[in-house]
Amino acid sequence: MMNLSLGPILWFWSKQSVFDFYAKAAEWPVETIYLGEVVCSRRRELKPDDWLDLARDLKACGKNVVLSTLTLIESEADLRRLRRFCEQDEFLVEANDQSAVQVAIRNGLKFITGPSMNIYNVATLNILARQGLVGWNLPVELGKETLEQLIRELKTDGLDLPAEVFSWGFLPLAWSSRCFTARHYNLPKDNCEFRCLEHPDGMELRSRESQELFRINGISTLSGSRYDLMRELPDMERMGVSTVRLSPEHQGMDEVVKRFDQVRRGEVPAADPLQLVEAPPCNGYWYGKPGMDLVGA
């Protein structure tokens with residue numbers, strides 16, 4: 001049976017909200033939990049030691065914990081926080097930037113690559129496996145045909161590298177040195193007043209035709225539609241996918257986890273659609289279509 005994971009929180013939540021969320025998650029049927037700030041280095045509600053303490057608490061609850069790193073390293077301060085995660089040996093690290101890969105290798109630390117890492121072929125996986133890679137995430141823009149080919153080639157090469165697939169949530173598409181949330185409020189990035197706290201699931205960005213195209217989340221841009229591969233779980237299991245990733249949202253995640261758990265166990269979940277933050281569903285990338293498409297609706 002495939003594992004379920006909770007990806008790192010992509011949004012900016014208060015410290016207490018983060019603690020409350022993971023207190024509930026400790027009771028959910030997920031095997032792996034990713035912890036850490038992956039979007040913006042100015043989001044310092046939790047310090048590295050806070051994340052490590054939280055990781056130890058969740059580990060004591062029987063969870064496999066992975067420490068996630070920033071996706072965009074911009075300063076020496078960012079590197080110091082990165083080194084703090086890579087200097088410990090209690091937990092695996094999820095590298096979301098090549099800098100994290102290099103620091104993990106230098107410290108002899110086993111690591112996983114996140115969905116933001118550009119891994120498109122088995123040659124890359126072979127190189128990283130020799131340097132400490134023990135698992136990888138499929139980039140969100142790739143689909144099942146590419147994944148099936150990669151898994152097949154890995155088996156041919158005799159490599160045991162578990163594959164993880166982002167399967168629920170707003171797709172992280174791009175990162176920039178500019179903060180779009182601060183820009184919206186006519187604030188400089190370095191004095192943003194932490195306005196992201198007012199948008200716990202990001203800010204909607206609609207076209208002139210009122211189509212929800214994107215979600216703005218500080219320096220990151222996410223899909224306006226919510227990726228949902230719940231119905232594709234049987235295909236993933238057939239292919240040999242190890243883990244299905246669910247991206248945290250501010251409300252309703254207990255129900256999301258419950259239904260994905262039902263599907264992976266071969267049960268039929270409730271027929272009514274999941275609606276947390278109001279957003280259309282999509283699954284286009286999985287089928288090699290435009291990401292915002294919904295195939296097989």
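These legends describe close-up views of a predicted model. In this model, local features need pLDDT of at least 70 and side-chain atom pairs count only at pLDDT 80 or more, while totals for chains, interfaces and linings use all residues. Residues are numbered from 1 along each chain as its sequence is written, and side-chain values use heavy atoms, with hydrogens and water left out.

View 1. Helices (H or I, at least four residues) and strands (E, at least two) are DSSP runs, numbered from the N terminus. Strand β3 (residues 64-68) pairs with strand β4 (residues 92-95) in the parallel sense over 3 bridges; strands count as paired if DSSP finds at least two bridges between them. V66 has L92 in β4 as its bridge partner. On the other pairing, β4 and strand β5 (residues 111-113) run parallel and are joined by 3 bridges, with E94 opposite I112 in β5. Helix α3 (residues 76-86) forms a right-handed β-α-β unit with β3 and β4, and helix α4 (residues 98-106) forms a right-handed β-α-β unit with β4 and β5. Right-handed means that, with the strands pointing away from the viewer, the path from the first strand over the helix to the second runs clockwise.

View 2. The residues A100, V101, V103 and A104 of α4 are buried. Buried stands for under 20% relative accessible area, exposed for over 50%, and partly exposed for values in between (1.4 Å probe, protein chains only). The cover over the buried residues of α4 includes α3, β4, β5 and α5 (122-129); contact is taken as heavy atoms within 4.5 Å. At the start of α4, the backbone nitrogen of S99 has a side-chain oxygen of D97 within 2.7 Å. After α4 comes G108, with a positive phi near 65°.

View 3. C192 counts as buried because its relative accessibility is 9%; C196 is buried at 11%. Not counting residues up to four places away in sequence, C192 touches R42, A182 and L187. With neighbours within four places left aside, C196 is in contact with F12, R43, T181, N217 and G218.

**View 4. The salt bridge between R56 and E90.** The closest N and O atoms of R56 and E90 are 2.7 Å apart. A salt bridge is a side-chain nitrogen of Lys or Arg within 4 Å of a carboxyl oxygen of Asp or Glu. This pair links distant parts of the chain, with R56 in helix α2 (residues 48-60) and E90 in the loop between α3 and β4, 34 residues apart. R56 is partly exposed at 34% relative accessibility, and E90 is partly exposed at 36%. The whole structure holds 23 salt bridges.

View 5. R215 and E204 form a salt bridge, their closest N and O atoms lying 3.7 Å apart. R215 is in strand β9 (residues 212-217) and E204 in strand β8, 11 residues apart. R215 counts as buried because its relative accessibility is 2%, whereas E204, at 42%, is partly exposed. The side chains of R206 and E212 also meet in a salt bridge, at 3.5 Å from N to O. Here R206 is partly exposed at 44%, and E212 is buried at 8%.

**View 6. E164 in strand β7.** E164 is located in strand β7 (residues 163-175) and is buried, with a relative accessible area of 6%. Its side chain makes a polar contact with the side chain of R245 at 3.0 Å. A polar contact is a pair of N or O atoms within 3.5 Å; within protein, one must be able to donate a hydrogen and the other to accept it, and residues adjacent in sequence count only if both atoms are side-chain atoms. Apart from neighbours within four places in sequence, the contacts of E164 are S5, Y34, W136, N137, L138, T243 and R245.
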